[in-house]
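Hi,

Here is the structure I said I would pass on. Have a look at it first, and then read my notes below.

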Amino acid sequence: MTHKIFAAFLSLTLGMMGTLASAQGLFSPAIKVNDGAVTYYELDQRIKFMQFINRLGDLETLARKDLVEDRLKAQAAAELGISISAEQLAAGLEEFAGRANLKADEVIALMAEAQIDRQTFEDFVRNGLLWREVVQLRFRGRVQISDEEIDAALGSGGQAGLQVLLSEIVIPINAQNQAQVQDLASRISNLTTESAFADAARRFSAAGTRTNGGRMQWLPINRLPPALQPVVVEMRPGEISDPIPLGNAIAVFMMRGIDELPSPAPRLAAIEYGILRIPGGRSDAALAQAQDIRNRVDTCDDLYAINKGGPDEALTITAEQPSAIPRSISLELAKLDRHEVSTALTSPDGSQLYFLMLCGRTAALNEDLSREDVLNALRNRRLNSYAEGYLDQLRSEAVIVQQ
């Protein structure tokens, strides 16, 4: 009997030790972020939360990334002395639930059924609110929206329902080569086959598409320079345009296809872009510098740091109506998505290489919106850009150890 009691006691003790060890493992660090930590329990909870909101992808990888960012945001808020009150948190929970037409208590009840703790929901919302306050405090004073930018956002432009598939040849022109380039462009416009046009693009074009025979991707026609749109829309597949002046270049286009968009593209009211002017034109040194900058920047706001200590006139970041943008720049921007870069252009005299980055496109807004509405929309977009850059900075400076 004594042996049986001892065996039962030993079994119970070992079971309790196993449970304790499991709990200790669950609350041990899965990720260390500077002086803070993310536990395996938090990681498991975030994965369940992502499943609850139908997030797609590798959920563990995404959960780790999001939780690291949450720690960085909370640490940044603590350094600035920012905290969230109980009232602010309650309002944030209701705001989140309202996106699904629910009340916060209803969401919390549904999460409980999915084994998601209320604390997990509150932490998620609290970190979002903290970050919003951090961004407002750090950057709101730096966001200055001009009347011209508001005017541009209230404008309109473009035929929205078509997309085109073009090939291009862009040849720089100056006072010394003007006659020669005009003659070459005229001969190119008389070509009759796509293969001949592609060969000419490889030989003569300065555009980045030259290595691909001048072939561009499908583009909504309203992305093209406004003056070019009526010319392109009249072209038939296989047709080659007459030479088209672009300011400091001449372009020739070949139409490879035209089609309706599945749904109309929004009319563009403004395009925000940055130009960093690098001395040396298309010299090897300037192109190498441009490649180094490309490797170091993620958003237009990063260009300010690149130009720190340099002449102010070397960098311009502006938002303009599409019709106000020089044709050569507008054509390059048409090929870019947000935060993409082109180094195909130079200044008119060829002495500076243009590091051109698309910051964003603003769709034409509802005419019923006030200037104040437009101002707030532009300010929020600019703040979001600052926030992305600041979070990247925090991540690069942090000590992050994944377990």
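A residue counts as buried when its relative accessible area is under 20%. Ser205 has a relative accessible area of 6%, so it is buried. Keep in mind that this is a predicted model.

Ser205 sits in the loop that runs between α9 (194-204) and β4 (219-220). Its side chain has two backbone nitrogens to look at. One belongs to Ala207, which the Ser205 side chain reaches at 3.2 Å. The other belongs to Val170, and that nitrogen is 3.1 Å from a polar atom of the Ser205 side chain. If you set aside the neighbours within four places in sequence, the residues in contact with Ser205 are Glu168, Ile169, Val170, Ala200 and Arg210.

Now to the cysteines. How many disulfides does a search of the whole structure find? The search turns up one. The partners are Cys300 and Cys359, with their sulfur atoms 2.0 Å apart. As for its handedness, the link of Cys300 and Cys359 is left-handed, with -100° about the S-S bond. Buried or exposed, these two cysteines? Both Cys300 and Cys359 are buried.

That's what I have for now.

Cheers

Note on methods: Residues are numbered from 1 along each chain as its sequence is written. This is a predicted model: local features need pLDDT of at least 70, side-chain atom pairs count only at pLDDT 80 or more; totals for chains, interfaces and linings use all residues. Side-chain values use heavy atoms; hydrogens and water are left out. A disulfide is a pair of cysteine sulfur atoms within 2.5 Å. Buried means under 20% relative accessible area, exposed over 50%, partly exposed in between (1.4 Å probe, protein chains only). Helices (H or I, at least four residues) and strands (E, at least two) are DSSP runs, numbered from the N terminus. A polar contact is a pair of N or O atoms within 3.5 Å; within protein, one must be able to donate a hydrogen and the other to accept it, and residues adjacent in sequence count only if both atoms are side-chain atoms. Contact means heavy atoms within 4.5 Å.
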